[in-house]
Structure formats: structure tokens, C-alpha cells
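Here's a quick look at the salt bridges in this one. Have the viewer open while you read.

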Amino acid sequence: MLAYERTDVSGSGVPDPILVAKGVRKTYRTGAESVEALKDLSISVQPGEFVGVMGPSGSGKTTLLNCLSGLDDIDSGEVWVQGELIHSMSDARRSTHRAKEMGFIFQSFNLIPVFSAAENVELPLLLAGVAPSEARKRAVATLDRVGLGHRISHRPNELSGGEQQRVTVARALAGEPSLVWADEPTGNLDSETAGSIVELLHELNRDGLTLVLVTHDRAIGETASRLVQMRDGEVEATSLKGAV
Amino acid sequence: MILAFAVVLLGVALVLMVRRPILRRLAVRDATRRPGETVLVIAGSLLGTAIITGSFIVGDTLDASITATATQQLGPVDEVVMFTSAEEASAAAEALRASDAVVDGAIAMSSARAALYTTGSEPKAEPGARLIEMDIEAATSFGGDPGQTGVDGSDPAGDEVFITQDVALALEVGVGDEITASLYGVEKRLRVERIFPRLGLAGFWTGFETISPNAFVAPGTIAAALEGQQDPSVRTPPSHLLLVSNEGDVEDGAVLTDRVTREIEEITGATNIDPVKKDRLDSAQTQGDQFSEFFLAIGAFAVIAGILLLVQIFVMLAEERKSQLGMLRAVGLKRSDLVRSFYMQGGIYGLPAGIFGTLLGIGVGWAIVKVAAPIFGGFGDFSLDLTFALETSSLIAGFSIGVVIALATVFLTSLRISRVNIIRAIRDLPEPTRIRPRKRSMIAGGVVAILGVMSLLSGLGNEQGWAGVIVGPGMIAYGLVPLFSRVVGTHRLLIGASIGSLAWGAFGNEITSGAFYDSGDIFAFVLVGLLLNVAAVILLTQLQDAIGAVVRRFGAKRLSLRLGLAYPLARRFRTGLTLAMFSLVIFTMVFISILSNVFSGQIDNTVKDEAGGYDILVDSLGTDPPSAAALEGVEGVDRAATLYFGTAQFTTPRSRDPKPWTTSGVDETFVEIGPPNLTDDDLAEGISNDEQAWARLLEDDEAAIVPPFFLNEGGGPSIEYVRTGEQITIIDPVTGKSAERTVIAMTDDDSAFSGVYMNSDSLRDVMGAQVPPSRFYVSVDGDADAESVVRSLQGEFVRNGVEAVTFRSRIEDFQQGSLQFFRLMQGYLALGLAVGIAGIGVVMVRAVRERRRQVGVLRSLGFRPLMIGTAFVIESTLTALTGVVIGVALAIVTARQLILNGEFGDGIEFIVPWSELLILAAISMVASLLATMWPARQASQIPPAVALRIAD
Ligand SMILES: Nc1ncnc2c1ncn2[C@@H]1O[C@H](COP(=O)(O)OP(=O)(O)O)[C@@H](O)[C@H]1O
Ligand SMILES: [Mg+2]
């Protein structure tokens with residue numbers, strides 16, 4: 001039901017990348033100290049890919065996600081998403097662009113506590129201008145898709161951790177974005193629940209969802225179709241599935 | 001006492017801080033980490049202290065200002081005894097001086113009312129002066145302190161007069177100028193020799209006036225004027241007084257009053273001893289207290305709003321630190337330790353709030369006095385000079401009450417909020433919603449309900465039990481909720497209890513036929529307001545699901561609106577607190593605003609009620625009144641009715657000590673031309689309308705009609721000392737003669753102070769020549785201009801000391817005074833609004849901080865910064881708006897109910913001053929909007945990447 005078309009703008013048969021980052025630098029400055037969190041990072045993501053980003057804590061994985069998704073500003077370099085240079089947009093336009101093109105899944109589930117599951121999931125749809133009744137229908141359908149059809153009117157604090165994360169996944173999918181970012185989505189879950197979430201993500205990827213998953217968990221990272229190894233703000237190595 | 005309590009509470013905080021460094025660190029860290037917010041919290045809670053302190057200071061000022069009149073108009077004089085002849089008074093003075101009574105002064109004085117005026121191109125008149133004969137030399141050192149008598153030198157010669165500053169001002173004369181005195185119809189030219197200050201014996205005055213138009217003349221002047229009077233029975237005779245000064249100075253001497261009274265009785269045989277000083281000081285105290293109480297009551301709403309703010313802040317604090325608290329509990333901190341830590345933090349806020357609040361309170365008091373001074377100074381001869389005064393005890397009391405309220409609030413709140421479950425707190429799980437009420441709350445509910453029944457029952461039929469009657473039914477209703485919640489469901493029960501309480505608050509007074517307000521205690525109004533507002537807020541929070549559904553239906557697409565509403569709807573308790581804070585303050589402000597408008601819109605009605613068929617009120621000298629026929633001879637005058645007018649002492653079943661009040665004896669003419677309106681529901685049995693009542697008054701020598709505010713002194717709400725059908729006693733202050741009269745009706749208004757009406761025979765039977773025919777109600781010809789008739793009357797009857805005024809301008813002056821007073825109260829209440837707005841600011845600042853992470857999530861979803869800011873603004877503005885709407889609605893309903901029930905008098909039209917209310921609402925909305933601007937901006941500018949990194 002949720003099929004993700006591969007974009008082929010050039011018509012060359014090889015799809016254009018969803019995301020292209022070139023020479024991205026990011027330095028955090030706190031007082032006198034400064035941390036170079038990204039050093040001249042370049043990467044691209046093709047439609048339908050499941051990219052895993054791995055590295056030890058502090059290696060710059062979250063920074064990569066924040067910068068490439070446009071949640072954070074960069075110091076130099078370029079990031080193209082669906083052919084648009086996101087960091088040269090105004091904050092408002094970037095927000096709208098983000099609502100249309102991207103979804104996010106975080107480690108701590110980050111649902112809005114005063115909204116029910118369905119209300120949380122329909123937020124990006126409403127942001128994208130979908131009519132309320134249609135948005136609700138699609139939100140319910142998406143919750144169904146992640147196996148939470150029976151929990152649509154529960155508030156987040158009435159759900160278990162795994163269920164909350166499924167709601168987050170549904171929220172990330174609902175707007176049918178071209179790219180979903182996941183930052184340690186299983187970090188707060190026990191291994192069994194974590195496994196089922198990863199399985200869900202793979203299922204969605206098989207249906208065509210493009211995904212960038214940040215994790216420090218080798219077992220999860222290795223299931224990705226392409227694995228990017230980070231160290232000290234740089235890409236240490238890139239490997240395709242099975243090549244590790 | 002209260003200070004000791006405050007000190008103990010603060011001391012406990014201090015001891016805890018010294019003994020428990022870990023808890024101290026916890027408390028101090030929180031207060032110092034966010035200095036801006038701490039300042040806001042302190043600002044919000046210090047206003048309560050300021051209001052309390054300010055109210056006390058206002059009372060001090062009134063007390064001191066009235067006490068100052070005692071120095072000016074009584075000086076050393078503590079008691080006054082009236083005699084029927086100068087000889088008797090002198091003999092009594094001599095006997096007293098020769099005795100070993102604890103007095104340091106006894107002097108005789110004769111006086112008579114006279115008109116003083118100047119002639120020439122611009123004549124001036126003082127129609128109500130008093131001519132005094134007294135041994136000036138002896139008077140100088142009367143009471144032992146020549147600095148307090150105001151007189152010195154020796155007696156004036158035959159053509160000389162010593163006048164007070166007040167007379168000099170009225171006549172615009174100085175030493176050496178000539179003036180004319182008219183007394184008992186005899187004119188006498190006098191030369192001003194000396195001018196005395198309004199002080200002590202020079203300023204001696206026992207009337208209601210606050211000026212002392214005295215003129216001292218040579219001995220024998222009054223007796224000479226009296227010779228050859230034809231009809232002494234309709235002239236006020238001269239009064240012959242014995243003035244006594246107790247040992248001790250002007251104020252201290254009063255403590256000896258009871259003893260000296262007995263001694264005077266023994267030595268002189270007189271029985272009608274008037275303890276003037278003690279009465280004046282007592283009245284200063286009473287009026288000061290009433291004034292304080294009045295401002296306290298009005299300010300109570302702001303104080304309550306301040307308490308709600310404090311509760312709110314601590315609830316938020318606890319929520320914010322929930323996981324931290326859980327962690328601390330996990331590592332071994334006891335629950336009581338959490339309470340202690342919160343309590344310390346309360347101390348950290350409470351002490352500076354108390355200190356600065358007290359200081360601000362001085363400013364508040366000062367500002368009120370500044371604004372009130374012209375109001376009090378605007379009553380002509382009855383004006384009171386308000387001079388700012390404050391007593392240390394007021395500052396101490398204000399500080400202590402403020403601190404006790406703050407710390408008690410914090411303590412009780414932290415008892416509740418420290419009850420966190422460790423696991424739930426750490427994992428940030430919600431408190432489970434209990435399906436079944438706990439036994440404890442069932443028992444508590446039962447107790448509350450039983451207490452409610454008891455207080456309702458004990459309150460009914462007991463005037464002082466109004467509090468029980470007001471809150472009793474609410475206690476029963478809410479107390480029953482936990483008992484029946486298994487059967488009916490808490491939600492529905494709460495809705496029912498709230499609707500019931502609202503109805504009781506609005507209509508209970510009518511149902512119990514006045515049990516709410518009959519005592520006249522203004523705090524009854526505070527309690528009703530509280531009941532209504534709390535019930536309304538509870539009702540609203542119970543209806544939140546319905547409201548949420550409506551919002552979702554109509555506002556589904558407006559994401560900011562949905563977001564802005566989702567939070568307040570989900571946080572019932574906190575929203576309820578904010579709502580109540582706002583609605584309480586708005587409620588009072590609107591109520592006052594409605595009342596002030598209703599009253600100022602009543603001038604035409606009041607004039608019609610009070611003046612009846614008359615246009616002009618004429619007063620003249622009791623010693624030389626003109627005749628009604630003479631007045632009717634003036635161009636433009638149609639008819640004039642004569643009133644026998646004077647001041648008597650009265651007692652009633654609920655006012656046992658004789659108090660002075662004016663009284664008027666009337667006859668057929670007065671009733672025929674058109675007497676004042678009577679209160680419809682206060683007619684005695686067998687009388688069904690005004691006409692019958694006045695007819696009864698004329699034929700029944702035992703009947704009396706009393707005015708509203710009868711025997712009330714000072715401001716504040718009126719106390720009903722007597723009701724229709726009951727008896728009052730009238731006493732002649734000179735002879736001590738007394739008689740009983742039955743109240744058959746009440747007048748609606750009495751700004752003319754005609755006082756208690758009787759028929760003239762009945763009144764003169766008791767009061768004799770003390771009620772001369774000196775007052776006239778005058779009607780003018782259809783085409784005559786009342787104001788120019790007033791000028792003619794005053795010009796033609798200068799010698800008779802005629803003072804004329806139209807009823808309309810008299811009533812307008814009065815209304816002007818009360819209108820200004822209403823404005824003053826509104827300004828005072830604006831302080832409460834400041835609490836509400838500071839509160840919304842604090843709440844929103846905290847909300848922004850609490851939700852930073854969620855803001856990050858929303859931003860990652862694609863919410864634009866503007867949408868986030870808008871959501872926050874919507875949240876606070878809608879909360880404020882709801883509070884405003886509740887407050888306005890309740891105030892309108894309550895005021896309407898009271899006015900239509902006749903609590904403020906008959907036939908008063910109910911008007912809602914919409915434009916004023918709109919302005920009020922707009923001001924509060926704009927102010928709360930401004931208070932939210934900053935936090936909302938903060939929220940919208942949170943960078944998403946940073947917000948998402950914030951740990952829970
Ligand atoms: N806001 C910040 N200010 C300063 N330094 C930061 C900030 N955010 C991250 N860093 C630093 O940047 C580096 C990369 O961090 P991060 O991207 O969170 O790594 P990872 O997600 O791989 O654990 C770390 O050294 C971290 O300390
Ligand atoms: Mg990280």
C-alpha cells in the first residue's frame with residue numbers, strides 16, 4: 001500500500017540520488033573550545049537505499065544526521081535534497097521542505113505527550129496541507145501498517161516503549177517522505193523489541209522507503225544495505241552489504 | 001502572634017538549610033539557576049503581601065486622621081456635660097476643680113449658634129458659626145498644657161470677637177476687620193481681635209463637621225440677645241456646658257474616662273455625661289479598622305490569586321524535576337526530605353517576597369491615600385484631611401501574614417507533590433488513574449460533606465453564620481463525589497457538584513432570603529466570589545473533552561490552534577489554577593465596575609426618591625430660623641415645608657450604646673407636597689404603600705421612619721441596626737429625657753441627613769427646643785431655575801444663617817464621592833490583575849522550558865518557527881480569555897442578582913457597562929499577550945538540533 005517510487009528525473013535509467021552532501025564541515029563552539037564534529041564530509045543516498053551510519057559515541061553520527069537533514073546549520077559545504085540546496089533556504093521554507101521530504105525517528109521516542117497516537121501521526125500530514133479527514137484516515141492506516149491499529153486513541157504515556165517507537169515510525173512514514181532519518185531508534189528498547197523495530201524498518205525499506213539509520217550497534221548496522229563507518233567526524237569506510 | 005508564627009516558619013526553613021546541606025543545595029540551585037524566573041516568582045508572590053500591608057496602612061491613615069481631629073476639635077476635653085443654665089455649669093466646674101477627682105481641668109462654657117457675615121461689596125457668610133462665652137484666661141491652661149488649648153490672653157471686650165482660622169477663611173477677614181453676628185434675631189457688630197487655630201478649646205466642636213467655626217465673645221453677649229424673645233420654644237436655647245479634662249495628655253487621658261465619669265456623677269449629680277474624646281478615638285479606631293477590612297476584602301481576591309500562582313509554580317517545579325526527584329528518592333532521600341527541600345525553596349522565595357512586599361505595601365498604601373485624600377477632602381464642612389500614617393505593627397502584620405501564607409501554601413503543596421512513585425518518576429510514567437476512589441478520600445469526602453451539613457444548619461437562622469450557609473452546600477456536593485463515584489462516575493459527579501455550587505452561589509442568597517449578606521460583612525462577598533469561580537473552573541476542566549472535540553472539529557486544520565489548546569486541555573489541574581487566578585481577579589474588577597456604573601446611572605432615580613416633590617434643601621440657624629411663609633415669599637419658590645430638626649441620641653435592639661443621629665419632625669404640609677420615597681419591602685404590617693406609611697407617621701405619636709445607614713459610621717458596607725417593626729429609643733442629649741418609638745418604614749436614601757422622621761409633636765415631645773424649625777424642604781415654581789432660587793434664598797436670609805442647596809447637586813456631589821471611591825478600588829484591584837499577568841508570564845516561561853524537546857520534535861516534523869510561537873501565544877491568550885469570560889459572566893450574574901433583589905436599594909436598574917468591560921477585557925488580554933510574547937519568541941527560536949539533544 002505504501003509504495004515508494006524511485007525517482008528518475010534524468011531518465012537515464014540510473015535514479016538520481018535523493019541526497020547529495022559535498023564537503024560538509026561542522027564545528028561546535030562553546031566558549032574558547034571548539035569541536036570539529038564533521039570534517040569535510042561527502043556522501044550521497046540513492047532512492048531505496050538503507051544506509052547505516054555506525055561509529056563510536058562522539059564520532060559525529062548525530063551531527064551528520066542533523067546537518068544533512070537540515071535540522072542544524074553547517075559551516076561549509078553543500079547539501080542537496082531532492083535537487084534542492086537546503087541550507088540556502090530560509091528557516092520557514094526549509095521547515096516546509098522538511099515536512100514534505102523527510103521523516104524522523106529518534107532514540108527517545110519524542111512523541112507529543114498531549115496528543116493521541118493518531119494525532120501524533122497525522123501532524124506531518126496536516127502540515128503538508130492534507131485535509132483533516134483524509135489525514136486521519138491515512139494516520140490510522142499507517143498505524144495499522146506498523147501494527148498499532150488498536151491503539152490509535154491512546155496517549156503516548158499509555159503505550160509501552162516499543163509501541164511508542166512504532167508510533168514514531170508511523171509518524172515518520174505518514175507524510176510519505178522521500179527520506180527517513182533514524183537516530184539510534186532502538187537505543188531505549190530491550191533487544192527483542194529493538195529487533196522487531198529493525199525488522200519493521202527493513203520491511204518498509206523493502207516496500208521502497210529510503211532510510212538512513214544511525215546506530216552504534218554493530219548487529220543492527222550490519223543489516224543495512226550500505227554501511228558508513230564514522231570516526232572523529234570523518235567517514236572512515238563505506239561498505240556494501242555482505243562486503244564487511 | 002502572627003509575627004512569631006512567621007518567624008518560626010522562616011526559622012524552620014533556616015534550620016533545615018543549615019542542617020541538611022544536600023537539600024539546601026537542591027533548593028538553592030533551583031532558585032539561583034534561573035534568576036529571571038525567581039524574580040518573577042517573587043514579584044508574583046510579593047504582591048499579596050503588598051496588598052495586605054497596604055490595606056493596614058490605609059486603616060492607620062484613617063485612624064490617625066480622625067484622631068487628629070480629636071486634637072483639633074477636642075484637645076484636652078475628655079468629657080462634656082450639658083446643663084440647663086450657665087450657673088449650674090459653673091458651679092459644677094468649681095465643685096469638680098475643688099475635688100480630688102483625677103481631672104486636670106474643668107471649665108464652664110456657654111454657646112449659641114449664630115450667623116457671621118461681612119457686609120460691603122462682596123459679602124461673605126458663615127451661617128453655622130457658634131458664639132462662645134468662656135473664661136479665656138482660665139481656658140488657656142486648661143488640661144495642664146497651654147500648647148493644646150489653642151487660646152490665650154484674656155476675655156474679649158464687648159465689641160470684640162476672637163475667631164478661629166476656619167471663620168477667618170470663610171469670611172476672608174483678618175485682625176482688625178469688622179464682622180456682623182446675628183443671634184436670636186439680634187445683629188451685633190464685632191471687631192476681630194485675635195485669630196485662634198483649630199485646636200483644643202479654640203477648636204472645640206462636637207458636631208459632625210470637621211471644621212470649627214467658633215467665635216469667642218464677651219460674657220453676657222448671648223444673654224443680652226436672648227432678652228425679649230417672643231417664642232423661646234422654637235428657638236434652640238444656648239447650651240451651657242461643663243468641659244472636663246482627665247489627667248494625662250490629649251490621647252492618654254481617655255483611659256480614665258470611666259472613672260472620671262463616675263466621679264463627675266458623684267460630685268455634680270449630672271447623669272448625661274458625654275465621653276466625647278473616648279467616643280472620637282474609638283470611632284477613629286473603628287473606622288480605620290473598617291477601612292482596612294474593606295480594602296483587605298477587595299484585595300483578598302488578589303491575595304488568593306497570588307496563592308494560586310505559588311501553588312502553580314511549585315506544581316510545575318515538581319513536574320519538571322520529576323525524574324530527578326525519583327532518582328533522589330531511589331538513592332535514599334525520604335519523602336519528607338523532598339518536602340523539606342521544597343519548603344526551603346519556599347523560604348528562599350518567601351523571605352524576600354515578604355520584605356519587598358512590605359516595602360511595596362507602603363507604596364501601595366501611600367498611593368491609595370494620595371488618591372483617596374481628595375475624595376475625603378471633597379465633602380465641604382465634613383471633609384477629612386487624610387494624612388499618611390503608618391504603624392510599625394501594620395508593617396509587621398503585613399509581612400508576617402504574607403510570609404505565613406506563602407510558606408503554608410508551599411508546605412501544603414509540597415506534601416502533595418512529593419508523593420511520587422520512584423519508578424514512575426524515573427521513567428516519567430503517568431500517575432495511574434484510579435478507577436476506584438481510595439478509602440482515604442472516601443472518608444475525607446464523607447467528613448467534608450458532614451461538616452458541610454453542619455455548617456449549613458448552624459449558619460441558617462444565625463446572622464453571623466453566613467460563611468457556613470455560603471460554602472455548606474458546596475462542601476456537601478463535592479464531599480459526596482468520592483462516596484458515589486463508583487456508582488455514577490467521578491466525572492459526572494464533579495459536573496453535577498459544580499453546577500450545583502454555581503447555582504447556589506448565584507441564587508442561594510435569594511433562596512435563604514438573604515442569609516448570605518444580611519450580616520453586612522463584606523467578606524461574604526469574597527466567599528461567594530470564590531465559590532462561584534472555583535466551581536466554574538472545576539466545571540470547565542471537567543468539560544475539557546467536549547471542548548477538545550469541538551476544537552478538533554473546527555480547528556483541525558489550524559495546527560497552531562490545536563497545539564496551543566492541546567496542552568491546557570491535557571493539564572487540567574494546572575490550567576484550572578491559571579484560570580481561577582485570572583477569573584477571580586476579573587470577577588471582582590467587573591463586579592465593582594458594574595456597581596459603580598449602576599450607581600452613577602441612578603442620579604435621576606435617587607433625586608426623585610429622596611427629594612419627593614421638593615427641589616431645594618434649606619438649613620438655617622436653630623437660634624433664629626426664618627418662617628416657611630417668609631421663604632415662600634422669595635421669587636421662584638412655590639412651597640416650603642418646615643422640619644423640626646436636630647440631633648438626638650438613639651439606641652436600637654442591636655446598638656445598645658446611645659449614638660447621635662439627626663432627626664426631623666414633620667407635619668401635613670411636608671407629606672402633602674411630596675415626602676421622600678420609602679423602601680417597598682420594609683413597610684410595617686398593615687401598611688401597604690408609602691402614602692399609608694406617611695399618614696400613619698402623622699397620626700401615630702409612637703411611629704418613626706428610619707433612614708438607610710442608620711447609626712452607621714464610616715465607610716464599608718452598612719449594618720442594619722434596626723428593622724421595621726422594632727423599637728428604637730430616642731434620647732435628648734441635654735435633658736436625658738427618652739422615649740420609645742416603633743419603626744414603621746425606611747427611607748430609600750438620605751443624603752440630606754434628615755435622619756429619623758417622626759411627626760413634629762412626637763419629636764418635640766422628647767426633644768423640646770433642641771429641635772427648632774430650622775430645616776425646610778422647598779419646591780420651586782414650574783418655570784423657575786432651582787439654582788438661582790438657591791442664590792436668592794441664601795442672599796435674602798443671611799441673618800438667619802440660611803444654607804440652601806438643590807437636592808440634585810447634593811446627590812451629585814455624594815455620587816461623585818462614591819464614584820471616585822469605586823475608581824480607587826478598581827485601581828487597587830489592578831494590582832490583582834498584575835498578579836494574574838505575572839502568573840501567566842511565569843507559567844509560559846516554564847512551559848517553554850518544559851517543552852523544549854517537544855519543540856525540537858515539532859520543528860523536525862516541519863513546524864515553522866512562527867507556528868510554534870503562535871501556538872504558545874494561543875495557549876496563554878485562550879487561557880486568559882477563558883478566565884476573563886468566566887470572571888465577567890459570573891460577575892454579571894452575581895451583580896444582577898444582588899441588584900434585582902434590592903440588596904442595594906429599591907428600583908435600581910441593572911446596567912452592564914459593556915464598553916468598560918470590553919476595555920477591561922482588552923487590557924487584560926493585551927497584557928497577558930505581552931507577558932507571553934517573550935517566552936513564545938524564545939520557544940520559536942529554539943534550534944531543533946539543540947532541542948533534540950536535551951535529555952529528559
Ligand atoms: N551542541 C554541541 N556543542 C558542543 N559540542 C557538541 C555539541 N553537540 C555535539 N558536540 C560534540 O560533537 C561531537 C560529535 O557528537 P555527536 O554527533 O553527538 O556524536 P555521536 O552521535 O556519534 O555520538 C562530540 O565530540 C560532541 O561532544
Ligand atoms: Mg548520537
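A:Glu49 is buried at 13% relative accessible area, and A:Arg226 is buried too, at 12% (buried is under 20% relative accessible area, exposed over 50%, partly exposed in between, with a 1.4 Å probe and protein chains only). The two form a salt bridge with the closest N and O atoms 2.6 Å apart (that is, a side-chain nitrogen of Lys or Arg within 4 Å of a carboxyl oxygen of Asp or Glu). The pair links distant parts of chain A: A:Glu49 is in the loop between β2 and β3, A:Arg226 in strand β9, 177 residues apart. Helices (H or I, at least four residues) and strands (E, at least two) are DSSP runs, numbered from the N terminus.

Keep in mind that this is a predicted model, where local features need pLDDT of at least 70 and side-chain atom pairs count only at pLDDT 80 or more, while totals for chains, interfaces and linings use all residues. Residues are numbered from 1 along each chain as its sequence is written, chains are lettered from A and ligands numbered from 1 in the order written, and side-chain values use heavy atoms, leaving out hydrogens and water.

Over all chains there are 32 salt bridges. Here are some pairs with their N to O distances:

| Pair | Distance |
|---|---|
| A:Arg25 and A:Glu36 | 3.6 Å |
| A:Glu49 and A:Arg226 | 2.6 Å |
| B:Arg799 and B:Glu187 | 3.7 Å |

In chain B, B:Arg799 is partly exposed at 37% relative accessibility, and B:Glu187 is partly exposed at 40%. There's also a salt-bridge network linking A:Glu119, A:Glu122, A:Arg136 and B:Arg562.
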